[in-house]
Amino acid sequence: ALRRSLAMGKLRRAVSSRANARLREVNVAANEAPTPEVARRVKTKLDPSDVLAELQAKSPFLAEANREAESHAFAIASLREALEKMDGTASAETIEELRDRAEQTLAALTDEPRVLRLLEFPEARLESLRVAAANAKRLSECRKRAENLARAFSSRASTASSLFAEHAQSLAVLDACVSTADAVAASRGADERRFRDAGIAFDWRLIEATREAAVGMCGARLRSALARCAAARERLKETEGILRKDEEKENDAEVLPGLGASSRAFGVSAIPSRPKSLERRSTKKDILPEGEDRFFFESSALRARDANGAETVPPSSPFTRGHHVFVRASETPPATNPGARRFAARLDSTRAVSDDATNLWVLKSACDLAYRAYLRCGGVDASLDAAASLAEFEIVAFGEEAWREAEIVAARAAAAARVRSY
């Protein structure tokens, strides 16, 4: 069993007494009368400079710093001369080259601050050079990203598989441009003084150029969405023309044998009434190739004809609004309850959506992106302002069904963004 020991206590006191013998002598000398002789003896025994010199002589880090200062003295002196020659007229490329040279020269140092202090190097000027070069590089990279993305939107049409990724990329580029420009602008007051004192030129117009590039990218995105909607309208017009030609051919085949086709030009009706069993319902199946989804137009969207074969289009027809409404043949009619019908598309997120819903989501997301750029960048350019005027009339032409299905597309876009963030 363990027990207390008097011998261990005596051993500890003996060791402490021997180790602190010199300190006790110094304390006794300090407590003596303050005579010059006592003061000289105490100062000789407790000189701080001697203690610091002894520590520096024994420190391997200080020895390594002194060795590096001696070996890199010429390269660092040359770098210092280049820094001191700067007079505020150097270009951005020259500043970046000098920063790269400084980083390459100082990369071999183990303790850079200590070595630079030993050589009396202007560290404040070096730090200003680094900040100026870094800010210019960040602004230039963000501006180039925005310009490249704007050119991509203008040169090619978005595919269905890349819509979500392009929207997320646009948001990321806009956020990067705005955050970088705001960060550089926030520290402009202090940085401008330190750059001027160090003789470093910095083009502060890069801040506004970065914001303008972000606005231009958002404008290109909005114009691409408008072009997508316009192309959809053209396809619908072509479909309408094909259906009209089919109906005209059918009407021409049913002209009475005694009347020619020119009889209709004089107001003579050559088309007898047909029983309902012979009426033919025009569908998109007649013009779609095999393997495509089968859609059909709503009956209210069909062209009506009078007795003379002239077309009559009601004012509320989807053709007059510029958008067709497609309905899948396999879908069941919506519920009669208005509340259930309003939220049916939102709840059934696994069903297929129409092209109108996808086009509406693309246009709406582009409008949101443009307004976000307008708020965060402080304005828009002329092209984005003109595109916004067109989008105002374009977006209100979509029907209620397209707006409900667009919520499904938005939910899928949000889910895709979450998956990419993992």
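**Reading charges on a predicted model**

Modeller: Lysine 85 is exposed, because its relative accessible area is 62%, over the 50% cut-off. Keep in mind that this model is predicted.

Colleague: Which residue does the side chain of lysine 85 meet in a salt bridge?

Modeller: Look for a Lys or Arg side-chain nitrogen within 4 Å of an Asp or Glu carboxyl oxygen. Here the partner is glutamate 81, at 3.6 Å from N to O. Glutamate 81 is partly exposed, at 43%.

Colleague: How many salt bridges does a search of the whole structure find?

Modeller: The search finds 19. One of them joins arginine 130 to glutamate 103, with the closest N and O atoms 2.7 Å apart. This pair links distant parts of the chain: arginine 130 sits in helix 9, glutamate 103 in helix 7, 27 residues apart. Glutamate 103 is partly exposed, with a relative accessible area of 32%. A network of salt bridges links Glu103, Arg130 and Glu112.

Colleague: Where do aspartate 368 and lysine 364 lie?

Modeller: Both are in helix 15 (residues 355–377). They are 4 residues apart, about one turn of the helix. Aspartate 368 is partly exposed at 42%, and so is lysine 364 at 36%.

Colleague: Which residues form the negative surface patch?

Modeller: Patch residues need over 30% relative accessible area and no salt bridge. Here they are Glu93, Glu96, Glu97 and Glu141. Helix 7 (residues 92–106) gives the most, with 3 residues. Glutamate 96 is found in helix 7. Its relative accessible area is 32%, so glutamate 96 counts as partly exposed.

Definitions and conventions: Residues numbered from 1 in each chain as written. Predicted model: local features only at pLDDT ≥ 70, side-chain atom pairs only at ≥ 80, totals over all residues. Heavy atoms only, no water. Patch = residues over 30% accessible without salt bridge, like charges linked within 9 Å, V, L, I, M, F, W, Y side chains within 5 Å. Areas by Shrake-Rupley, 256 points an atom, 1.4 Å probe, with all protein chains shown as cover. Lys, Arg positive; Asp, Glu negative; His and termini not counted. Charge placed at Lys NZ, Arg CZ, Asp CG, Glu CD. Helix = DSSP H or I, 4+ residues; strand = E, 2+ residues; numbered from the N terminus. Buried < 20%, exposed > 50% of the residue type's maximum accessible area, 1.4 Å probe, protein only.
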